[in-house]
Amino acid sequence: MLNFKLSELIHSDTAINNNINNMPDINSLDNLLNLIVYCLQPIRELIKKPMIITSGYRNAHVNQLVGGAATSRHCLGEAADFKIKGMKPNQIIQLIQKSNLVFDQLINEHNLWVHISYRKGKNRKQVLTIN
């Protein structure tokens with residue numbers, strides 16, 4: 001069973017406030033499904049606590065408005081940022097690193113949230129920290 005809805009992965013206050021349609025194209029939808037199946041759901045099952053998605057898919061316009069990198073994997077549906085109540089990003093990352101989870105990047109962003117990306121067939125298992 002999946003614990004995630006498309007609505008939480010495409011929700012954007014920035015898109016809503018600027019009247020921007022943030023619905024992904026079919027390729028990005030496929031990437032979001034892979035992200036859920038291969039990363040988000042396994043993390044949810046590993047940690048056994050609900051995840052709060054703070055940012056998922058962002059079209060190019062929304063990405064620009066939020067100050068995202070031009071090459072952001074969010075724009076392709078390959079990345080999500082999340083928090084888990086009662087856990088610090090470094091604790092979450094340590095648990096994921098100890099698992100056999102396949103991912104492209106796992107980033108502790110400003111010690112506020114975890115960024116995870118999944119690229120079908122191109123996963124580097126890169127772990128970074130952005131202060």
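Helices H3 and H5 are roughly perpendicular to each other, since their axes cross at roughly 100° and angles from 65 to 115 degrees count as roughly perpendicular. The model is predicted. It contains an open sheet of five strands in the order S1-S2-S4-S3-S5, with mixed pairing.

- The edges are formed by strand S1 (52-55) and strand S5 (126-130), each of which pairs on one side only.
- From one strand to the next, the twist averages 30°.

**Strand S3 and its partners**

- Strand S3 covers residues 105-109 and runs parallel to S5, to which five bridges join it.
- A hairpin is formed by S3 and S4, with three residues between them. In its turn, His 110 has a positive phi of about 60°.
- Five of the five residues of S3 are buried.
- In a regular strand the side chains alternate between the two faces of the sheet.
- In S3, Gln 105, Ile 107 and Glu 109 point one way, whereas Leu 106 and Asn 108 point the other way.

**The helices**

- Helix H3 (residues 26-47) lies across S1, strand S2 (79-83) and strand S4 (113-117), and runs at about 145° to S4.
- Helix H5 (residues 89-98) lies across S2, S3, S4 and S5, and runs at about 165° to S3.
- The axes of H3 and H5 come within 11 Å.
- Where these two helices meet, H3 contributes Ile 43, Leu 46 and Ile 47, and H5 contributes Ile 92, Leu 95 and Ile 96. The residues of this contact are six nonpolar, no polar and no charged.

**The nonpolar core**

- The largest nonpolar core has 26 residues. Those with the most contacts inside this core are Leu 35, Leu 40, Ile 43, Phe 82, Ile 92, Ile 96 and Ile 116.
- Two or more residues come from each of helix H1 (6-10), H3, S2, H5 and S4; H3 gives the most, with seven residues.
- Not counting residues up to four places away in sequence, Ile 116 touches residues including Leu 35, Leu 40, Ile 43, Phe 82 and Leu 106.
- In soluble globular proteins, nonpolar side chains tend to be buried together.

Definitions and conventions:
Residues numbered from 1 in each chain as written. Predicted model: local features only at pLDDT ≥ 70, side-chain atom pairs only at ≥ 80, totals over all residues. Heavy atoms only, no water. Pairing = 2+ DSSP bridges. Helix = DSSP H or I, 4+ residues; strand = E, 2+ residues; numbered from the N terminus. Axes fitted to C-alpha atoms, helices over the stretch in contact; angles between N-to-C directions. Contact = heavy atoms within 4.5 Å. Core = buried A, V, L, I, M, F, W, Y, C linked by side-chain atoms within 4.5 Å. Buried < 20%, exposed > 50% of the residue type's maximum accessible area, 1.4 Å probe, protein only. Parallel < 35°, antiparallel > 145°, perpendicular 65-115°, else oblique. Nonpolar A, V, L, I, M, F, W, Y, C, P; charged D, E, K, R; others polar.
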